[in-house]
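Open the structure in your viewer and show side chains.

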Amino acid sequence: MSGAAPLTAGWKKRRGARFAEGRSGKGEFLRKKADSNHEIEIIAVVGNTVAGTAGIEAVGTKSKVRHRAEFGISVDREFWGLGIGTALMDACIECAGNAGYEQLELNVVAGNTRAVSMYEKAGFVEYGRNTKGFKSRTAGFQELIYMRLEL
């Protein structure tokens with residue numbers, strides 16, 4: 001990642017300043033993200049409600065995995081279908097590229113077809129599955145799909 005441009009300061013400042021204060025236990029997590037040049041957490045707010053969050057995190061620091069980042073996203077069901085997930089995902093993809101990552105990875109419950117479709121539209125491709133990858137308190141084991149995007 002040497003020579004990679006740091007994530008945009010505007011994102012970092014907004015993230016760190018606005019959300020480090022009010023959420024119990026979340027302040028340190030967000031401060032670390034705000035201080036990082038290679039990781040980010042973005043929060044979508046509609047009115048005074050957190051509608052969704054998304055972020056990227058390094059897979060590791062060793063040279064053999066430094067090119068990879070994990071992507072995670074969550075949008076409150078009330079805000080589905082409004083383009084918030086796509087906007088958060090697109091911003092994370094852009095930030096991952098700016099940070100010098102070459103590959104963005106995620107896993108998604110196979111039954112979450114809306115999410116799988118969104119990821120595929122963005123260019124993510126499936127590279128594996130785990131039939132017992134997620135254990136829900138209510139639904140038991142659910143299959144996970146592993147996906148990646150070459151940046």
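The stops below cover aromatic rings and a charge in a predicted model.

**Stop one: the pairs.** How many aromatic pairs are there? The count is four. Select Phe 71 and Phe 124 to begin. Their rings form a stacked pair, with centres 6.3 Å apart and 25° between the planes. Now colour by secondary structure. Phe 71 lies in strand S3, residues 68–75. Phe 124 sits in the loop between helix H4 (113–122) and strand S5 (125–136). The two are 53 residues apart, so this pair links distant parts of the chain, and the planes count as stacked because they are under 30 degrees apart.

**Stop three: a tilted pair.** Select Tyr 127 and Tyr 146. Their ring centres are 6.1 Å apart and the planes meet at 35°, so this pair is tilted. Tyr 127 belongs to strand S5, and Tyr 146 to strand S6, residues 140–150. They are 19 residues apart, and the pair again links distant parts of the chain. Tyr 127 counts as partly exposed, at 39% relative accessibility. Tyr 146 is partly exposed too, at 24%.

**Last stop: a charge over a ring.** Select Lys 132 and Phe 141. What sits over the ring of Phe 141? The charged end of Lys 132 does, 5.0 Å from the ring centre.

Conventions
Residues are numbered from 1 along each chain as its sequence is written. This is a predicted model: local features need pLDDT of at least 70, side-chain atom pairs count only at pLDDT 80 or more; totals for chains, interfaces and linings use all residues. Side-chain values use heavy atoms; hydrogens and water are left out. Rings of Phe, Tyr and Trp (its six-membered ring) pair if their centres lie within 6.5 Å; planes under 30 degrees apart count as stacked, over 60 as edge-to-face and the rest as tilted. Helices (H or I, at least four residues) and strands (E, at least two) are DSSP runs, numbered from the N terminus. Buried means under 20% relative accessible area, exposed over 50%, partly exposed in between (1.4 Å probe, protein chains only). A charge sits over a ring if NZ of Lys or CZ of Arg is within 6 Å of the ring centre and within 35 degrees of the ring normal.
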